[in-house]
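A short account of both is given below the display.

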Amino acid sequence: PRQAVLLSLAAALTFAIGIVASGTAAASIPPIWVSLSSRVVGLVLVTLPLLLQRRLVMTRAVLPLVLLSGVAEILGSTLSAWGATDSIAIVAVLGSQFAAIAAVVAYFLFGERLSRLQTIGVATIVVGVTILAILQSA
């Protein structure tokens, strides 16, 4: 449990730094370049070594899903960077909901099951964000 907590904190810190850095960079250059630069780094550090070692396995059935996820990732990070130029705080709060949104989308699109605790978690996030939005607008 301690290692999981430490890794989760490190991941949260890394995501926070990424949101702030992308918002700051997107204020100076078009947000698409912020997103594409991070994908190029991923390509160089992950994909190319796997290709060179002949350990990258890609089937025809998986390729469309990989391409779709790549396009969605670039679009999502571009929109996130663009939004962060106006308000990093709002982007951070809304971006933190991606796991809950992914769980709900997987439920509807792929028939994934949500446990009772997961359903309560999604509902808690929705209620919490709604309350924050109401308080922010007042």
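The paragraphs below go from the overall fold to the pockets and then to a pair of rings.

This is a predicted model, in which local features need pLDDT of at least 70, side-chain atom pairs count only at pLDDT 80 or more, and totals for chains, interfaces and linings use all residues. Residues are numbered from 1 along each chain as its sequence is written, and side-chain values use heavy atoms, with hydrogens and water left out.

The protein has six helices and zero strands, where helices (H or I, at least four residues) and strands (E, at least two) are DSSP runs numbered from the N terminus. Its C-alpha trace spans about 55 × 45 × 35 Å along the principal axes. Of the contacts with a separation of 6 or more, 67% join residues 24 or more positions apart; a contact means heavy atoms within 4.5 Å. Of the 138 residues, 12% count as buried, a term for under 20% relative accessible area, with exposed for over 50% and partly exposed in between (1.4 Å probe, protein chains only).

Where is empty space left? Rolling a probe the size of a water molecule over the atoms shows this. On a 1 Å grid over the protein atoms alone, a pocket is an open set of points where a 1.4 Å probe fits, with protein on both sides within 12 Å along at least five of seven lines; lining residues have an atom within 4 Å of a point. A volume is the space filled by probe spheres set on the points, which are joined across faces, edges and corners.

The largest pocket has a volume of about 1100 Å³. Its lining holds 30 residues, with Ala72, Glu73, Gly76, Ser77 and Phe98 nearest the centre. Helices H1, H2, H3, H4 and H5 each supply at least two lining residues, and H3 gives the largest share, nine residues. The lining divides into 18 nonpolar, 10 polar and two charged residues. Here Ala, Val, Leu, Ile, Met, Phe, Trp, Tyr, Cys and Pro count as nonpolar, Asp, Glu, Lys and Arg as charged, and the others, Gly among them, as polar.

The second largest pocket has a volume of about 310 Å³. Among its lining residues are Arg39, Leu43, Gly70 and Glu73. H2 gives the most to this lining, with five residues.

One aromatic pair is found in the whole structure. Tyrosine 107 and phenylalanine 108 form this pair, which is edge-to-face, at 5.1 Å centre to centre and 85° between the planes. Rings of Phe, Tyr and Trp (its six-membered ring) pair if their centres lie within 6.5 Å; planes under 30 degrees apart count as stacked, over 60 as edge-to-face and the rest as tilted. Tyrosine 107 is partly exposed, at 42% relative accessible area, and phenylalanine 108 is exposed, at 63%.
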